[in-house]
Amino acid sequence: MTYEKAQALSVRFFEKNPDGWPNCEEIFAKWIENFHLEAPTEEDWEECKDCFQGEFKNAGDFAEHLCDECGVLNDMPENLKPYFDYDAYGRDLLMSGDFWQEGCYWFRNQ
């Protein structure tokens, strides 16, 4: 499915199901496109919301956010934290298959 078709489906979906999220049509269009959905449902949107991690400029920004959220570096001495390579960790997160990215949007795989 093309992004344009997914975007049209998403816009039609949100005409009937407003949720108040910024960029929700675009986020859901990326979800629809990734999973090749032909007729998105409320359950698809709920799953999308559950898996959506946020909007990030790059893999390093996403990795830093995830590390902060999960406290990954909490036990590391402060003087060593600047040496942590967030960019490499972000790339590894994508390669693990646990997360996927479309443009600036990041999602967790179910």
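Guide: Read from the N terminus, the elements of the protein chain follow the order α-α-α-β-α-α-β-β. This is a predicted model, in which local features need pLDDT of at least 70 and side-chain atom pairs count only at pLDDT 80 or more, whereas totals for chains, interfaces and linings use all residues. Residues are numbered from 1 along each chain as its sequence is written, and side-chain values use heavy atoms, with hydrogens and water left out.

Visitor: How many helices and strands does the protein chain have, and what makes a stretch a helix or a strand?

Guide: There are 5 helices and 3 strands. Both are DSSP runs numbered from the N terminus: a helix is a run of H or I with at least four residues, and a strand is a run of E with at least two. The C-alpha trace spans about 50 × 25 × 20 Å along its principal axes.

Visitor: Why is alanine 63 called buried?

Guide: Buried means under 20% relative accessible area, exposed means over 50%, and partly exposed lies in between, with a 1.4 Å probe and protein chains only. Alanine 63 has a relative accessible area of 0%, so the residue counts as buried. Alanine 63 belongs to helix α4. Of the 110 residues in the protein chain, 35% are buried.

Visitor: Why is tyrosine 3 called partly exposed?

Guide: The relative accessibility of tyrosine 3 is 23%, so this residue is placed in the partly exposed class. Tyrosine 3 is part of helix α1.

Visitor: What makes two residues a contact, and which residues does tyrosine 3 contact?

Guide: Contact means heavy atoms within 4.5 Å. Apart from neighbours within four places in sequence, tyrosine 3 is in contact with Glu26, Ala29, Lys30 and Glu33. The C-alpha atoms of alanine 63 and tyrosine 86 are 5.5 Å apart, although 23 residues separate the two in sequence.

Visitor: Why is phenylalanine 99 called buried, and what does this residue touch?

Guide: Phenylalanine 99 has a relative accessible area of 10%, and therefore counts as buried. Phenylalanine 99 is found in strand β2. Beyond neighbours within four places in sequence, its contacts include Gln53, Phe62, Leu66, Leu93 and Phe107.

Visitor: What makes a set of residues a nonpolar core, and how many residues does the largest one have?

Guide: A nonpolar core is a set of buried Ala, Val, Leu, Ile, Met, Phe, Trp, Tyr and Cys residues joined through side-chain atoms within 4.5 Å. The largest has 16 residues, and Ile27, Phe28, Trp31, Ile32, Cys48 and Phe107 have the most contacts inside it. Two or more residues of this core come from each of α1 (3-16), α2 (24-35), α3 (42-51) and β3 (105-108). The most, 6 residues, come from α2. A second, separate core has 11 residues, among them Ala63, Tyr86, Leu93 and Trp106.

Visitor: Which residues of α3 are buried, and how do you know where they lie around the axis?

Guide: Asp44, Trp45, Cys48 and Cys51 are the buried residues of α3. Seen down the axis, they fall within an arc of 130 degrees, so they line one face of α3. The arc is that of the directions from the helix axis to the C-beta atoms. The face turned away from the buried side carries the exposed residues Glu43 and Asp50.

Visitor: Which residues of α5 are buried, and what do they pack against?

Guide: Tyr86, Gly90 and Leu93 are buried in α5, residues 86-96. Their arc around the axis is only 55 degrees, which puts them on the same side of α5. An α-helix has 3.6 residues a turn, so residues three or four places apart point the same way. The buried residues of α5 pack against α4 (59-70) and β2 (99-102).
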